[in-house]
Amino acid sequence: MGEAFIPVGALGEGFAPEADILEPTDDLSGTRFALDLDGPRSLEIGDGVASWDGRTDVPVRVTSVRSGVYLVDGVVDETSTTFVLDTDAGLVTLVEGELPGLEVRAESAYTRVQRGDDPTGVSARIVHGAIGGSSAARHAPTDALVGLRNRYTYSPNEVYEHIYLTPDRYTWHCLQGVEQGLADTDRCHHIGIRDGLTLFVWREKIVPTLGLILIDLDGMRTDGKLFGNDGFDTTSLVNFPVGARAEILNRTTHPAASGPEQA
């Protein structure tokens with residue numbers, strides 16, 4: 001414990017004991033979905049595996065934080081791949097994330113922002129689509145979390161708070177655990193899945209990390225994962241589940257910005 005940044009592999013070891021994660025579900029085993037995601041695609045789910053885009057029997061974790069909503073998550077060809085399926089509405093969101101290579105990691109955030117890039121080299125591609133020709137309005141960005149300060153208890157040993165500042169920036173702070181005392185403000189994405197249910201994706205800049213969780217403010221819990229490297233290198237990947245009990249600590253609202261007074 002201490003105020004030192006650690007690799008994602010060490011973070012996973014800290015989260016593992018008594019982790020409050022959802023058990024995988026077999027609800028979708030044997031199901032094939034016809035998806036419209038930038039064109040026709042298919043997703044076939046088996047027992048702990050899934051197949052899509054010519055990739056067969058990729059190991060995946062399938063969970064459901066709310067009835068009718070499923071997270072199908074795995075890693076293929078060093079790409080984090082997550083399908084969020086709303087089987088009731090016939091909607092899907094795909095998130096594909098990649099970690100930076102050595103050359104990008106060696107750059108400072110200052111160098112990156114000088115040329116107009118994000119401070120982080122972690123990438124995320126987010127695509128919204130439909131299942132089986134559904135005409136329902138597709139998932140879309142939301143600001144439902146903006147202004148909230150939430151506390152998340154991942155285990156008896158790991159507690160964090162999140163402050164959702166804007167639709168694309170948030171602050172995390174470790175209150176208890178292997179990162180205790182550490183905090184940072186990072187790039188993020190908020191996607192509305194259902195009322196009270198947000199897909200939250202973030203990309204950390206100091207230790208390259210892709211985080212992805214479904215935040216259910218009806219059930220007051222989360223389900224998702226963290227994706228990164230085992231050590232401070234690019235040679236090994238870790239992709240481990242996370243889940244937490246949620247508490248809303250407070251909500252901050254700001255008056256609408258106004259321009260200068262006219263004479």
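## Cysteines

Zero disulfides (pairs of cysteine sulfur atoms within 2.5 Å) are found in a search of the whole structure. Cys174 takes part in none, and the nearest cysteine sulfur, that of Cys188, is 19 Å away. Cys174 is buried at a relative accessible area of 1%, and Cys188 is likewise buried, with a value of 1%. Here buried means under 20% relative accessible area, exposed over 50%, and partly exposed in between, with a 1.4 Å probe and protein chains only.

The model is predicted: local features require pLDDT of at least 70 and side-chain atom pairs pLDDT 80 or more, while totals for chains, interfaces and linings use all residues. Residues are numbered from 1 along each chain as its sequence is written, and side-chain values use heavy atoms, leaving out hydrogens and water.

## Cavities

Two cavities of 30 Å³ or more are present. A cavity is a set of points on a 1 Å grid over the protein atoms alone where a 1.4 Å probe fits but cannot get out, and lining residues have an atom within 4 Å of a point. Points are joined across faces, edges and corners, and volume is the space filled by probe spheres set on them.

The largest cavity holds about 140 Å³. Its lining includes Leu11, Tyr154, His162, Trp172, Glu179 and Glu204. Helix H1 (8-15) and strands S11 (159-166), S12 (169-176) and S14 (197-204) each contribute at least two lining residues; helices (H or I, at least four residues) and strands (E, at least two) are DSSP runs numbered from the N terminus. The second largest cavity, of about 50 Å³, has Leu11, Glu179 and Glu204 among its lining residues.

## Salt bridges

The count is 22 salt bridges, each a side-chain nitrogen of Lys or Arg within 4 Å of a carboxyl oxygen of Asp or Glu. Arg245 pairs with Asp20, the closest N and O atoms being 2.8 Å apart. That pair links strand S17 (residues 237-251) to the loop between H1 and strand S1 (31-36), 225 residues apart. Arg245 is partly exposed, at 43% relative accessibility.

Asp77 and Arg55 form another salt bridge, with a closest N and O separation of 3.6 Å. Asp77 is exposed, at 62% relative accessible area, whereas Arg55 is partly exposed at 30%.

Lys225 bridges to Asp73 at 2.6 Å between the closest N and O atoms. Strands S16 (residues 221-229) and S5 carry these partners, 152 residues apart, and both residues are buried.

Methods:
On a 1 Å grid over the protein atoms alone, a cavity is a set of points where a 1.4 Å probe fits but cannot get out, and a pocket is an open set with protein on both sides within 12 Å along at least five of seven lines; lining residues have an atom within 4 Å of a point.
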